[in-house]
Amino acid sequence: MATTISLKNAVQGSKFLSGLLKPVSKVYASAAGYRQIGLRYDDLIAEENPTVKEALRRFEIASPRAAYDRAYRIRVAMQCSTTQSVLPKEQWVTPEQDVRYLQPYIDEVTAEQAEREAFDNIKLSPKH
């Protein structure tokens, strides 16, 4: 099984790194501008990935209304992009509204794929 290195756990485990990078991440999220056109962070995830496709399928089954809201946010953002404008300030997504709604489904699918991969590559030794 492939091992990946992630800074996420190191940053979250360290009070110093977390305290240093959290304000920077908030400024970056504000400067990115996706909230000004009505999008949440998980709306930006590319849908072409098979893992994300499966996560979106599960999300739509679990919460049809939230899936509809996601599609609406994307359409509004596309309209803003076409007209090269931003929404009125009262329609911007606030940091409190910008929650990771799709990431739990992506994590679940990734874990299942890793488990499936582990079982597919299991080596059995014959007992004599």
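Is Arg-58 buried or exposed? Arg-58 counts as buried, at 18% relative accessibility (buried is under 20% relative accessible area, exposed over 50%, partly exposed in between, with a 1.4 Å probe and protein chains only). Keep in mind that this is a predicted model, where local features need pLDDT of at least 70, side-chain atom pairs count only at pLDDT 80 or more, and totals for chains, interfaces and linings use all residues. Residues are numbered from 1 along each chain as its sequence is written, and side-chain values use heavy atoms, with hydrogens and water left out.

**View A. Arg-58 and its partners.** Arg-58 sits in helix H3 (helices are DSSP runs of H or I, at least four residues, numbered from the N terminus). Its side chain makes polar contacts with the side chains of Glu-54, at 2.8 Å, and Glu-112, at 2.6 Å (pairs of N or O atoms within 3.5 Å, one able to donate a hydrogen and the other to accept it; residues adjacent in sequence count only if both atoms are side-chain atoms). Glu-108 forms a salt bridge with Arg-58, with the closest N and O atoms 2.7 Å apart (a side-chain nitrogen of Lys or Arg within 4 Å of a carboxyl oxygen of Asp or Glu). Glu-108 lies in helix H5 and Arg-58 in H3, so this pair ties together parts 50 residues apart in sequence.

**View B. The largest nonpolar core.** Here are 10 residues, among them Ile-45, Phe-59, Tyr-101 and Val-109 (a core is a set of buried Ala, Val, Leu, Ile, Met, Phe, Trp, Tyr and Cys residues joined through side-chain atoms within 4.5 Å). H3 (50-62) and H5 (103-120) each supply at least two residues of this core, and the largest share, four residues, comes from H3. Not counting residues up to four places away in sequence, Ile-45 touches Val-52, Arg-70, Arg-100, Leu-102, Gln-103 and Ile-106 (heavy atoms within 4.5 Å).

View C. Arg-70 and Asp-43 form a salt bridge, their closest N and O atoms being 3.9 Å apart. The pair links distant parts of the chain: Arg-70 is in helix H4 (residues 64-83), and Asp-43 is in the loop between H2 and H3, 27 residues apart. Arg-70 is buried, with a relative accessible area of 7%, and Asp-43 also counts as buried, at 7%.

**View D. One turn of H4.** Asp-69 forms a salt bridge with Arg-65, with the closest N and O atoms 3.3 Å apart. These two are four residues apart in H4, so about one helical turn separates them. Asp-69 is partly exposed at 27%, whereas Arg-65 is exposed at 58%.
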